[in-house]
Amino acid sequence: MFDETTVNMLIEGTGATLYMTLVSTLFGYIVGLPLGIILAITDKTGIKPNVVIYKILDFIVNLTRSIPFLILLILVMPLTKLIVGQSYGSAATIVPLTIAAAPFIGRMVESSLKEVDKGVIEAAQSMGAGTFTVIWKVLLAEARTSLLVGVTIAIGTILGYSAMAGVVGGGGLGDIAIRYGYYRYETGIMIVTIVILVILVQILQGLGMMLSKKLDRRQA
Amino acid sequence: MEPIIRVENINKTFSAANGQVEAVKDISFTIEKGDIFGIIGLSGAGKSTLVRCLNLLERPNEGRVYVDGKNLMELSEKELRKERQDIGMIFQHFNLLMQRNVLDNICFPLEIAGIGRKEARKRAYELLETVGLSEKAKAYPAQLSGGQKQRVAIARVLANNPKILLCDEATSALDPQTTKSILTLLKDINHKYGITIVVITHEMAVIQEICSKVAVLDQGRLVEEGTVEELFRAPKTEEAKKLILNGKGLGVEEVDDYV
């Protein structure tokens with residue numbers, strides 16, 4: 001159907017998409033996980049209520065989340081250039097992807113941790129558990145299923161964002177779809193990239209759900 | 001007998017949407033070592049808040065809480081955590097870690113106390129035997145019945161050899177027969193290890209079954225206190241009379257509805 005160059009390009013594009021998505025998810029969690037933990041524990045029903053810290057972080061998260069990704073992509077270009085050395089390509093796309101993902105991940109982590117039964121937290125405190133123990137052994141451990149579902153959602157969302165990076169020459173499947181499908185009217189290539197994207201999302205989603213289900217001990 | 005818990009003039013006020021709620025008003029009482037002390041009252045009487053003042057899960061706005069001679073109100077965060085290892089607590093809804101199996105649930109307080117894994121497991125197996133659940137070591141809480149969950153919670157609370165055991169409506173989610181078996185277990189624990197037990201309940205039957213002394217709570221105030229025998233023979237207050245009548249006239253579950 002396609003010549004060798006096109007096939008190679010599609011394989012490389014898939015690799016670049018996976019690279020951007022997975023690395024950005026990782027960095028997103030490095031920032032988003034602590035952020036979510038702080039949001040969950042400093043809220044008024046948390047174990048270390050602190051109105052000031054909560055309100056500030058809450059505001060920053062809302063602010064970042066309300067900027068459309070396409071705009072953010074362009075907005076952080078100077079920063080991207082500073083960190084990566086260039087403002088285009090797959091590596092450069094990781095910077096805006098991480099910035100967009102971290103607050104979103106923080107929110108999901110916050111909501112997962114808030115699902116943990118208050119009674120169990122109280123029981124741990126009655127045994128003499130300190131804040132760190134409650135976070136590590138109660139909140140994160142009890143919410144692990146929900147947290148993993150969150151990871152799956154995050155990967156799917158970031159994958160979608162990464163396709164948008166094609167607009168600014170970000171590389172990956174989205175880039176190919178725009179260059180060939182949109183600018184050159186090569187519908188065939190565009191459809192193939194979309195099919196690959198769909199398959200990627202399905203596989204990642206399936207894996208995530210299977211893992212979270214396997215790790216859940218709440219069913220009889 | 002020497003006192004193990006001494007509460008002096010504690011007050012606890014919460015700020016709610018419609019102003020201040022005084023959950024505990026100027027309460028003082030003493031519990032002696034080895035006793036099974038009941039605190040009874042209708043829902044909203046302040047029982048749960050009061051029992052949480054005994055391990056400072058709720059910090060009273062005023063007053064002193066002495067446990068084994070130490071005023072908990074004056075302890076640092078770290079000292080308080082250490083002290084809490086001597087004051088176990090079990091709950092109406094058991095509050096087990098759902099993602100850990102029975103054995104690891106019992107190991108949890110030992111982890112907090114910094115005891116090694118091997119030793120903790122050995123102790124956990126012994127405790128499972130004490131509560132009669134040895135065959136459930138690898139089961140998860142979701143696979144257990146209510147009574148079995150409470151037994152695991154009791155094994156867990158005994159892990160650190162507490163001096164005091166606080167029971168917050170520990171049998172209220174259980175059927176009458178299971179209630180009886182859990183109360184028998186608590187009585188055994190009291191005899192065998194000499195642990196002082198504080199029982200919070202709205203059921204007179206529970207008080208009658210295991211307590212030696214009782215305090216009646218009404219709208220945040222302690223209105224009557226004495227031996228269980230005295231209370232049944234000659235209740236001094238309206239609240240106490242009402243609670244006794246409720247317990248007599250109705251079955252355990254119906255009382256719950258009535259309240």
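This is a predicted model: local features need pLDDT of at least 70, side-chain atom pairs count only at pLDDT 80 or more; totals for chains, interfaces and linings use all residues.
## Ground rules

Residues are numbered from 1 along each chain as its sequence is written, and chains are lettered from A in the order in which they are written.

## Where chain A meets chain B

Let's start with the two chains. Contact (heavy atoms within 4.5 Å) links 26 residues of chain A with 24 residues of chain B. Together they bury about 2100 Å², with 57% from carbon and sulfur atoms; buried area is the accessible area (1.4 Å probe) that two parts lose on being put together, summed over both. On the chain A side, S126(A), M127(A) and R217(A) lose the most area, together 31% of what that side buries.

The interface has 2 salt bridges, each a side-chain nitrogen of Lys or Arg within 4 Å of a carboxyl oxygen of Asp or Glu. E122(A) and R52(B) meet in a salt bridge at 2.4 Å, N to O.

## Inside chain B

Now for the domains, whose bounds come from an automatic or database domain assignment. Domain 1 of chain B covers 3–86 + 165–258, and domain 2 covers 95–161. Their C-alpha centres lie 25 Å apart.

These two domains of chain B bury about 1000 Å² between them, 70% of it on carbon and sulfur atoms. Q85(B), I182(B) and L185(B) supply 42% of the area that domain 1 buries here, more than any other three residues. Between the domains, the salt bridge count is 0.

How values were computed: Side-chain values use heavy atoms; hydrogens and water are left out.
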